[in-house]
Amino acid sequence: MKSVYFDHAATTPVDRRVLERMLPFFCEVYGNPSEIHKQGREARAAVDAARAQVAAAIGAGAKEIVFTAGGTEADNLALFGYLQRFEPGHFIIGATEHPAVMEAARALNRLGWAVDFIPVDEFGTIDLDGYEKAFRDDTRLASVMFANNVVGTIQPVAELARIAHEKGAVFHTDAVQAVGSVPVDVQALGVDMLTISGHKLYGPKGIGALYAKRGTRLTPIIHGGGHERRLRSGTENVPGIVGMGAALEIAVAEMPETKPRLERMRDRMAAAVLDSVPDVKYLGHPTERLPGNVSFTVRYIEGESMLLQLDTHGYMVSSGSACASGSLEPSHVILALGLGAEEAHGSLRVSLGRENTDEEIDGFVEVFPPIVEKLRQMSPLYVKG
Ligand SMILES: *Cc1c(COP(=O)(O)O)cnc(C)c1O
């Protein structure tokens, strides 16, 4: 049976070219970049080169990049690293943030920080008015994700950053889903901090970075030997760093080809699903959305049942939330769009990636309607409804 991976928002395969660039840094150039002998110097040079690649990909300076062990850690560094030097005050986040920001915010709240979660509209776009009104005299920071991992909505980041600055706060954005998929330029956006993750852009897992604009005062959350300009101690993950640099370079270079192709496939799949299955609602913004994100909710049946049926046909998708706990709680993102619990339970996320083909879209569009029909015939909600 064919196997089609449609879950690129969860993770991507490592690009073979990326792996090739990483391999020498396991057994040949294995030095500790802090050492000044030949091995150490070669490893340091590789880290420096990758830092320059990452910086160039987002329009930053090399000194503004801090490597971390992933997107989650970079988000935690942004929130804790910025806020912990102040007396507890107030900060703002979006209602549809990834758990990496959401749970860091909750932890800060337990330490005495007040936090406001800004609602989104039916398309997942942040309520600009509510956002602006939420700022207080003691608001230190606002964090709103660039693009949502469940429904793909892209936020007006430049506008959000501008408002935060006007109110005297710094602005962070979790751009894990955006970097490598859509153009991201920290200068044009005017953000103070921005989060990146390697494994969402065809690089390895366990590596990420935080962009922190020059002059943004951060204190570390991980203490030790003072690596990464004292902001993130721990011997550098040299192969991971090299891999993320290479992956970003490739993603940005190929974006002029990849982005429009994915957008075309995305729109074709969405149109076909909406056309062939009754009682389906497209989730997220109709146009301001990630190139590979097709999210929708199917009435009367469960996302998990569709996911499992699709899996038996070889199509790997996500049921909207992919909660780490595996609980059947509806996703907070879907609920934030204003959907009821029953509708939220029927959500499905297809996230396309650059190795996907038009034939794979055709195949999905063919098998999906009969799967829905079969599940609906078994659903008590459907029979009653
Ligand atoms: C995947 C993801 C993260 C977490 O990144 P990791 O590298 O897996 O820790 C954070 N934010 C968003 C939006 C993500 O999609």
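Visitor: Why does the largest cavity lie between domain 1 and domain 2?
Guide: Domain 1 (4-11 + 255-378) and domain 2 (16-250) both give residues to the lining of the largest cavity, so it lies between them. The domain bounds come from an automatic or database domain assignment. The model is predicted: local features need pLDDT of at least 70, side-chain atom pairs need 80 or more, and totals for chains, interfaces and linings use all residues. Numbering runs from 1 along each chain as its sequence is written, and side-chain values use heavy atoms, without hydrogens and water.

Visitor: What volume does the largest cavity have?
Guide: About 350 Å³. The structure holds two cavities of 30 Å³ or more. A cavity is a set of points on a 1 Å grid over the protein atoms alone where a 1.4 Å probe fits but cannot get out; lining residues have an atom within 4 Å of a point. The volume is the space filled by probe spheres set on the points, joined across faces, edges and corners.

Visitor: Which residues of the lining are closest to the centre of the largest cavity?
Guide: Ser181, Lys200, Tyr202, Leu262 and Leu352, out of 26 lining residues.

Visitor: How many residues surround the ligand?
Guide: 13, and the closest include Thr72, Gln177 and Lys200. Each has a heavy atom within 4 Å of the ligand.

Note on methods: On a 1 Å grid over the protein atoms alone, a cavity is a set of points where a 1.4 Å probe fits but cannot get out, and a pocket is an open set with protein on both sides within 12 Å along at least five of seven lines; lining residues have an atom within 4 Å of a point.
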